[in-house]
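Let's take a walk through this model together. Keep the sequence and the 3D view open side by side as you read.

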Amino acid sequence: MAEPGGGAKAVQAQAEGEGAATRAAVIVPVLSRQQSLAPADPSSRPRTPRVPEARLAEAIGLVRAIDLDPCHTEIVTLAAPRPGTLLGSGKIEELAARLHDDAIKLVIVDHPLTPVQQRNLERALSAKVLDRTGLILEIFGRRARTKEGALQVELAHLNYQRGRLVRSWTHLERQRGGAGFLGGPGETQIEADRRLLQERITRLKRELETVRRTRDLHRAKRKKVPFPVVAIVGYTNAGKSTLFNRMTGAGVLAEDMLFATLDPTLRRVRLPHGTIMILSDTVGFISDLPTHLVAAFRATLEEVVEADLIIHLRDLSDPDAAAQAEDVEEILRDLGIDASDETRVLEVWNKLDAVETQPAGGGGAIVISALTGAGIETLTAAIEERLSGHLRETMIVLRPSEMSQLDWLYRNGAVLGREDLDDGGARLTVRLTQAAARELARRRED
């Protein structure tokens, strides 16, 4: 029987050692009544119900993101969740027989499991069981590329694992001998492991605090050169990295895969009318994002908190788009950001190329395809308008002594017409942002 508390990595290593692909079963539990399996929060507003088939497709995507083979997938309808096993005894017996026949040693349950539920399921199924939180932690561990990302994932994993030490391993009940002449009952193995975990967590928090201070210094330097920061947020696989690459020309990994990128990337971008901004590609959000991860990635998510403008990117082609948007808005609220503030959050609907009919952007939303580039000009214009004010068309007469401003005008505005005057000056019809118009007035006064 698999040892409780381990991850999918151990099962993968065993499968690779035997020369076989890692086979997994994916179970999506759904209540027969339209309500959450999690305890209801009376203070929360009603949530858009998620489509079971879309949940299953997302769970399969998560499994494939760490190269597992979902050879058996199933939506399990429950009349009521069982406190000890979540699933009913009949379904467990049926599933155990299926796992035995198909030689499957890993089961992914697309729902948070308590330590007791996880242990009981592993005993009943004779297989390693991983819940949604554990699976996301496995993916984040695989995707982290920077030292900061690795530290954050390890901290989140240790916090998750700490809650699963209780009665998870039989060897944890052994006792160590006490110090001194009499000895005494000593320290149980579980207490020692919990203490070692806590010491490691404390060290990681200190290291992450150092990283946070470094990020604060970098952020302070950026503020000295006052370029506005625009952060792209959205549900995982909404196309954030594709949009980032489209707007910056960068080569950030962009694949049709959940959590294809994890560590944030920042690039400087010059908009069509000269406004310079810092564009930030952030980690994707997901429903039921583990609280351990939200806490651990607080330093990374500070890029979102400090952003002057937030692009909320939504996937038009996903049937769960409305529910996904609510998940993103909930995480933004946890970060202290009002998702309904149109001056701070710009809603963008992506993957126009993947739908048959073009929708009209509702509530000021902009419809684009980051893949083909459709609607990108509209988006950049909207970003520039939010950052620098509305564009204004004006006529400017430059005296001969001011012709040195001509190059600046071409770089920071759209010159619609130009007439060279006899005295060596020029008459220009220019479209400028409010910020650029104020800067030009200042330059002409100097």
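Leucine 309 counts as buried because its relative accessibility is 0%; buried means under 20% relative accessible area, exposed over 50% and partly exposed in between, with a 1.4 Å probe and protein chains only. Before we go on: this is a predicted model, where local features need pLDDT of at least 70 and side-chain atom pairs count only at pLDDT 80 or more, while totals for chains, interfaces and linings use all residues. Residues are numbered from 1 along each chain as its sequence is written, and side-chain values use heavy atoms, with hydrogens and water left out.

Back to leucine 309, which sits in strand β8 (residues 309–315). Helices (H or I, at least four residues) and strands (E, at least two) are DSSP runs, numbered from the N terminus. Leave aside residues up to four places away in sequence, and leucine 309 still touches Val229, Val230, Ala231, Thr343, Arg344, Val345, Leu346, Ile383, Arg386 and Leu387, where contact means heavy atoms within 4.5 Å. Glutamate 342 lies 33 residues from leucine 309 in sequence, yet their C-alpha atoms are 9.5 Å apart in space.

Next, find helix α6 (residues 147–162). Its 16 residues should span 22 Å at 1.5 Å a residue, and the end C-alpha atoms are 22 Å apart, so the two agree; the expected span is 1.5 Å times one less than the number of residues. Among the buried residues of α6 are Leu151, Leu155 and Leu158. An α-helix has 3.6 residues a turn, so residues three or four places apart point the same way.

Now for the sheet. It is open, with three strands in the order β11-β13-β12 and antiparallel pairing; two strands pair if DSSP finds at least two bridges between them. β11 and β12 stand at the edges with a single partner strand each, so one side of each has no neighbour in the sheet. On average, neighbouring strands here are turned by 20 degrees against each other, direction ignored. Helix α14 (residues 434–445) packs on this sheet, touching β11 and β13, and its direction makes about 135 degrees with that of β13. Axes are lines fitted to C-alpha atoms, for helices over the stretch in contact, and angles run from 0 to 180 degrees between N-to-C directions.

Look at the pairings one by one. Strand β11 (residues 391–398) is joined to β13 (residues 426–433) by eight bridges, with methionine 395 opposite threonine 429. Six bridges link β12 (residues 414–420) to β13; here alanine 414 faces arginine 431, and glutamate 419 has arginine 427 as its bridge partner. β12 and β13 form a hairpin with five residues between them, and glycine 424 in the turn has a positive phi of about 95 degrees.
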